[in-house]
Amino acid sequence: RPMKLAAKATLPLFTTPLRSLEFDPDQSRSARPAKLKLFLLNCAGVNIEILSRKECATEESKYVAIGALVLCTGIAAAISGSFALFSVFRSAIAILFGIFWGGLVFCMDRFFVASMRKFKNQIMRGLTMAGFRLVMAALIGITVSKPLELEIFRPEIEFRLVADAAQNRAEH
């Protein structure tokens with residue numbers, strides 16, 4: 001008897017429709033996305049004409065998210081490249097080269113995302129593209145982490161350098 005009560009209590013959850021019966025996805029879908037959405041779709045390398053077809057209605061949010069990730073990758077690369085070069089060279093020109101680095105990473109990432117396609121029986125091509133993305137992720141990771149690591153541990157590094165210099169002077 002308790003089993004029947006539990007089953008009856010959960011039944012309305014599964015029978016409730018997620019959308020109203022009057023909902024028409026074709027009416028709510030605009031012919032052209034908003035400007036920010038359009039920019040993010042371009043960052044993902046999407047063909048807007050194909051994506052605006054009604055059979056592709058569910059794909060738009062996926063490609064907006066991909067475009068946002070590509071854009072954020074480029075921005076993170078620009079910030080980390082600028083910081084790394086500025087911490088080494090202490091020049092405003094280093095910031096320009098950092099922005100150039102971010103643009104380069106953005107373009108490469110956009111190319112990789114736009115050129116990735118699903119092909120049957122071509123596992124090596126997929127692995128090659130994934131390998132390129134992993135190498136790029138490693139380069140970005142090193143570019144981001146090394147300058148931060150050096151900046152965080154600067155006092156300990158300087159102390160060690162002074163101690164080693166004093167020891168070298170004492171030995172000579």
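Biologist: Which residues of helix H3 (residues 35-43) are buried?

Modeller: Buried means under 20% relative accessible area, exposed over 50%, and partly exposed in between, with a 1.4 Å probe and protein chains only. In H3 the buried residues are Leu38, Leu40, Leu41 and Cys43. Helices are DSSP runs of H or I with at least four residues, numbered from the N terminus.

Biologist: What covers the buried residues of H3?

Modeller: Contact means heavy atoms within 4.5 Å. The cover includes helix H4 (48-51), H5 and helix H6 (92-115). This is a predicted model, in which local features need pLDDT of at least 70 and side-chain atom pairs count only at pLDDT 80 or more, whereas totals for chains, interfaces and linings use all residues. Residues are numbered from 1 along each chain as its sequence is written, and side-chain values use heavy atoms, with hydrogens and water left out.

Biologist: How many residues has H5, and what span does it reach?

Modeller: The expected span of a helix is 1.5 Å times one less than its number of residues. H5 has 30 residues and reaches 43 Å from first C-alpha to last, close to the expected 44 Å.

Biologist: Where is the confidence lowest among the elements?

Modeller: pLDDT is the predictor's confidence in each residue, from 0 to 100. Helix H1 (residues 2-15) has the lowest mean, 50. Where pLDDT is low, the predicted coordinates should not be read in detail.

Terms used: Helix = DSSP H or I, 4+ residues; strand = E, 2+ residues; numbered from the N terminus.
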